[in-house]
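Work through the exercises below with the sequence and the coordinates open. Each task is followed by a stepwise solution.

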Amino acid sequence: MGREKDAKGEEKVKHKSLKLKKLSGDESAGAGGDAIGNSANSDKSSKKIENGKVRKKAKTASAQADNSEQAETAYEDFVMKKKTLKKPVIVEDDPLEGHSASVSERIKEEPEDENADFIPKNKGQKRKRIKEEPRECLSPTPSSKKKLKQEVDEFPSQKKKTKKKSEKSVKKEEEEPATVSKKPKRSKEDIQEAKLLKIKKKEEEEQNRWRWWEEEKYEDGVKWKFLEHNGPYFPPEYQPVPDSVHFYYNGKPVKLSPSAEEVALFFAQMLDHEYTTKKVFRENFLKDWRMEMTPEERSLIKHLNKCDFGEMHAMHKAKVEARKNMTKEEKQAVKDANQKIVDMFGYCLLDHHKERIGNFKIEPPGLFRGRGEHPKQGMLKKRIQPEDVIINCSKGSRVPVPPAGHHWKELRHDNTVTWLASWTENVQGSIKYIMLNANSKLKGEKDWEKYEVARKLKTCVDDIRYQYNQDLKSKQMSTRQRAVALYFIDKLALRAGNEKEEGETADTVGCCSLRVEHITLHDQLEGNECVVEFDFLGKDSIRYYNKVPVIKKVFKNLKLFMENKEPGDDLFDRLNTQMLNKHLTSLMPGLTAKVFRTYNASITLQQQLKELTNKGDNVAEMILSYNRANRAVAILCNHQRAPPKTFEQSMANLQAKIDTRKEQLTLAKSELKQAKKEAKSKGNSDPKLQTLVERKKAAVKRCEDHLLKMELQATDKEENKQIALGTSKLNYLDPRISVAWCKKFGVPLEKIYNKSQRDKFAWAIDMTDEEFEF
DNA sequence: GAGGCGACTTAGGAAGTGGCAA
DNA sequence: TTGCCACTTCCTAAGTCGCCTC
């Protein structure tokens, strides 16, 4: 930790620091400092030079908006109600460490009458509260925990990873119990029974769903009134490699100490990955690895290129292979063991409803895989101990039991936050959280709220656009910069672009942090006037490249902002995200830069669906239209993915199938023709020949349908090569638009949302009819 | 008002899974 | 029955933005 802090102080602005002059005074001091034409350099940049790092923060946006006409609906209702409720439960830090029993004793009962908080909006209506779960489900004893861990850790070939695998299958199992264990052969009755079971399970699930959106919301800030869980699941301890597996240094075998060996194995496991070829990764790894070594090891091992991890790598690959080749029984045993872990740690009780936890496992140690040119890639992510973990739960709930011989860092009862456990990771010093699954009340409620804010923007976006268009002519440079930035955020769905500590992360930017080098201005380009060419790395080091014709006022301003600046200077040197968001919040409560992304994504989907959907289309065509609309949004938001490795091959395979199908269609058509001819020659009186004609007709139809379906699939696939649809679908598109569209055009919702997406959007599915307008 | 921190959302890649064609 | 591949889920990094402290 100390090391990062030092690094923070040392690593400084590079390209900017030499170039920037300090400007005096703030803009309000007079037109002199901020007048148009004075495009010199910024306070902001100067600060970078002085302080080495810059991070600024925005002002609070005050709460909820006035009710405009339509937000009307359930949401308004929901929000209004919370105002009458009580103050948050007081948060107390309890630095208590040690055994849970003593903790429980010290925790007082919650003062509130819990039931009082659960007054259903529509009494007697469909909402049902799940009965309380059997206590033991959330309350393992230390010995049962230990035993469970052993079961999993000791399983045949390879523990850690097999576990993950089986856990997933287990999840599927939960969803589709009937399809899981593959018996040798199932009779028709079995299959029928399985189907019925599946339907029954679905119904039950639906009945048991917590319809939180029909309940009153808590007062501001309060996230829950009761929270109980079993704490996080810790990854198994390191098991040294067998003596037969050697590590060599300079050609000679070296037996490493367990801690050095563990880190060496992290590297060995990644040898197939490009990371291990990168200089920064290798240097960071070596540095951190040496810190885990004994003094003797450290004095011996000084150069990574003299290290031979070959046998360790081979062992790892053999384990992966062995895992693949496990027998059904072995796989089943792993599944079962992992199911126990999920049962034990994967759920919590939130206001007495059983909720799935999103990430209940502590992140295992390993090598940090930063994205892009991350300066910290390869550093060691250390093993997290219970002593590093803060537990958050209700007073009066059962306190999670730490692993034997350990204690928690802290026990907290903070019901104004949604996390169940947290710890600070060592590489970047950031806090990691254990939180609920996307289908939980806490996440769903927030999601709903997000889309409501975006819908509210719809009602005032014209005024805001008018305003920033006016501001493009402002005498204040900062106002002009804000207007241009807003223009980009609105038109191009750029992210806000907070400032980052340089040298701590990859060099990526968003709108406010764009530098001169990231844009090129073209008076004329490809038949358009006033074109801005963007080329920069955004979030996750994904390249944003776009050539955009802009209005003249924007273009002229950009020229002005770039005057007398070096490529590495900030384009918007009088602007940061706090200023921008403060301004936006003053225009509409709750409005920030990111709301524009949500708004533009959702409105684009709605418009595209209107444009692309044809009433007479079949389901396959409808889905292609939907995907195209979705794709338009993904392009707008620049959601890219690496083309799948097998893309070319699978595209070729699909094309081959299409060709085969075409041949079949030709054949089917000629057979139909022949059949018709024969039937006609007998005066259409032979019923057998008539039947034959009908059969051939059906065959042609079948072929055509198949062909169409495959061609649509191929088009979809090609268009989707480098575009990730999932991110926008999950995070930016108001699900009510999709639900309404499905209902309106008779498209099964399952074609648009998979099971977990339907769970996540249960609130939207339940409340939306086909008339919904974003 | 700046800066640091905390809480939460958004993001792409890796790993796992299961359906389907051969 | 097997192996491929599309789809799903997991994992955790990397953003945004609000709050608190000085």
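**Exercise 1.** What is the strand order of the open sheet of three strands, and is the pairing parallel or antiparallel?

Solution. The model is a predicted one.
Step 1: the order is β4-β3-β5, and the pairing is antiparallel.
Step 2: β4 (252-254) and β5 (307-308) are the edge strands, each with pairing on one side only.
Step 3: β3, made up of residues 247-249, pairs with β5 over two bridges in the antiparallel sense.
Step 4: within β5, D308 is the bridge partner of Y248.

**Exercise 2.** Locate the residue that UniProt marks as "active site", and decide whether it is buried or exposed.

Solution.
Step 1: the unreviewed UniProt entry places this feature at Y732.
Step 2: Y732 sits in the loop that joins α23 (726-731) to α24 (735-745).
Step 3: the relative accessible area of Y732 is 15%; buried means under 20%, so Y732 is buried.
Step 4: setting aside neighbours within four places in sequence, the contacts of Y732 are Y451, R597, T598, A601, S602, H639 and T727.

**Exercise 3.** Which residues of the largest nonpolar core touch the most other members?

Solution.
Step 1: the largest nonpolar core has 107 residues, of which L457, F488, F534 and F572 touch the most other members.
Step 2: beyond four places in sequence, F534 is in contact with F488, L492, L494, L514, H518, I519, Y544, Y545, N546 and V548.
Step 3: another core, of 29 residues, lies apart from the largest one; among its members are V245, Y275, L286 and C307.
Step 4: as background, nonpolar side chains tend to be buried together in soluble globular proteins.

Notes
Residues numbered from 1 in each chain as written. Chains lettered and ligands numbered in written order. Predicted model: local features only at pLDDT ≥ 70, side-chain atom pairs only at ≥ 80, totals over all residues. Heavy atoms only, no water. Core = buried A, V, L, I, M, F, W, Y, C linked by side-chain atoms within 4.5 Å. Buried < 20%, exposed > 50% of the residue type's maximum accessible area, 1.4 Å probe, protein only. Contact = heavy atoms within 4.5 Å. UniProt positions renumbered as here; feature names shortened; annotations may be inferred. Helix = DSSP H or I, 4+ residues; strand = E, 2+ residues; numbered from the N terminus. Pairing = 2+ DSSP bridges.
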